[in-house]
Amino acid sequence: MNTIAQYQVEPVVRSNLDFKLHEVPRFWFGGDPFITRVFDALSLTFPDGERYFIQSVRLFRDQITDPDLKLRVADFIRQEAQHGIAHEKMNQVIKAQGMPVEKFIQRLNKIFKFELEKRSPQYNIAMTAAAEHLTALMAETFYSHQETLRDAHPYVRALLAWHAIEEMEHRDVAFDVMKQVGNVPETTRKFTLAWTTTLMFGFTLYRANIMLKYDGFTPLQRLQMNIRGLPWFFGKNGKLSKMSKQYRDWFNKDFHPSQHPVIAQYDVWVKTLEDTGDPIQAGEAFWRAAKD
């Protein structure tokens, strides 16, 4: 595989975007509690996860000599901070529904604190780069076809679209820090993607099921929801199963994130936001520009 970067866009910091999340219904994914709560569980991770990513990159900031990478790191940090702010608003909506958000966050903070204090900087930057690989692939997967998020409420779909765009823009920043100054062994780099995947989806499903319990669903109902809902994500034709080839590219010795194309309708989102100043309209145009 050619190691020369082929598909790259520069990070752009966008702030104060209003997604009107207070108007989103409880089960905003077509009335489906399971799929809604899985996405909600992912959102719960983002504010503290983004802060962890920022801290992991900052461990190496003083060692970076490349001016371009320095600038991209600064933009990465500012973008991730904005993601945390936006998803915190979504988390407040979830909290208002009676979900144990504070307990989830306390546990997350303990995990990230342990990683930063007990693990090496090399391990943490590799975990961050791996997580960025995962989120960039999810961005591509969820928005490459209209059908995937057709049932999602347009306001949440717009929030996730903006996040997807910026994941595309900075998907290689932590990776380049890891490669240029991180001195991360290949075994560590490869291990962290497998471990990050296990942690991300394991905790996501755990939180989703806890929230379904708080929604009032019985153990049997939750079991039935998992049996019906998990194939949507991980089945033979599951939405996340479709990213398996690009996911495995990580394990190639000469892999670089920019070897993967940027999502086809990227320019549609950027231009619509420039023309309207409205992230909801941009998100809708972005989603509609996907393959039908």
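This report walks through a predicted model, from its core out to its surface and its charged pairs.

## The inside

The largest nonpolar core holds 92 residues, and the members that touch the most others are Phe 39, Tyr 143, Val 177 and Trp 269. Helix α4 gives this core its largest share, 13 residues.

Helix α4 covers residues 121-143, and helix α5 covers residues 154-170. Of the 17 residues in α5, 16 are buried, so this helix is mostly covered.

In the loop between α4 and α5 sits Thr 148. Is Thr 148 buried or exposed? Its relative accessibility is 4%, and because buried means under 20%, Thr 148 counts as buried. Beyond its neighbours within four places in sequence, Thr 148 is in contact with Phe 29, Thr 141, Phe 142, Trp 232 and Lys 239.

Leaving out neighbours within four places in sequence, Val 24 is in contact with His 153, Tyr 155 and Val 156. By comparison, the C-alpha atoms of Val 24 and Glu 50 are separated by 23 Å, with the two residues 26 apart along the chain.

Lys 20 lies in this segment before α1 as well. Lys 20 is partly exposed, with a relative accessible area of 34%. The backbone of Lys 20 has a phi near 50 degrees, a positive value in a residue other than glycine. A positive phi is also found at Asn 183, about 55 degrees, although Asn 183 is not a glycine. Asn 183 lies in the loop between α6 (173-182) and α7 and is exposed, with a relative accessible area of 67%.

## Charged pairs

Side chains of opposite charge can pair when their charged atoms come close. The structure holds 19 salt bridges, and three of them are set out here.

| Pair | Closest N to O distance |
|---|---|
| Asp 215 and Arg 26 | 2.8 Å |
| Glu 117 and Lys 113 | 3.1 Å |

Which parts of the chain does the pair of Asp 215 and Arg 26 tie together? Asp 215 lies in the loop between α7 (186-214) and α8, while Arg 26 lies in the segment before α1 (33-58), so the pair ties together parts that are 189 residues apart in sequence. Asp 215 is buried, with a relative accessible area of 18%, whereas Arg 26 is partly exposed at 32%.

The salt bridge of Glu 117 with Lys 113 sits within a single helix: the two residues are 4 apart in α3 (residues 101-118), so about one helical turn separates them. Glu 117 is exposed, with a relative accessible area of 51%. Elsewhere, salt bridges that share partners join Arg 26, Arg 37, Asp 40 and Asp 215 into one network.

## A nonpolar patch on the surface

To finish, here is a spot on the outside. Leu 220, Leu 223 and Ile 227 make a nonpolar surface patch of about 320 Å². Leu 220 is found in helix α8, residues 219-234. With a relative accessible area of 54%, Leu 220 is exposed.

Notes. Residues are numbered from 1 along each chain as its sequence is written. This is a predicted model: local features need pLDDT of at least 70, side-chain atom pairs count only at pLDDT 80 or more; totals for chains, interfaces and linings use all residues. Side-chain values use heavy atoms; hydrogens and water are left out. Buried means under 20% relative accessible area, exposed over 50%, partly exposed in between (1.4 Å probe, protein chains only). Contact means heavy atoms within 4.5 Å. A nonpolar core is a set of buried Ala, Val, Leu, Ile, Met, Phe, Trp, Tyr and Cys residues joined through side-chain atoms within 4.5 Å. Patches are made of residues with over 30% relative accessible area and no salt bridge: like charges are joined within 9 Å, nonpolar side chains (Val, Leu, Ile, Met, Phe, Trp, Tyr) within 5 Å. Accessible areas come from the Shrake-Rupley method with a 1.4 Å probe; for residues, only the protein chains shown count as cover. A salt bridge is a side-chain nitrogen of Lys or Arg within 4 Å of a carboxyl oxygen of Asp or Glu.
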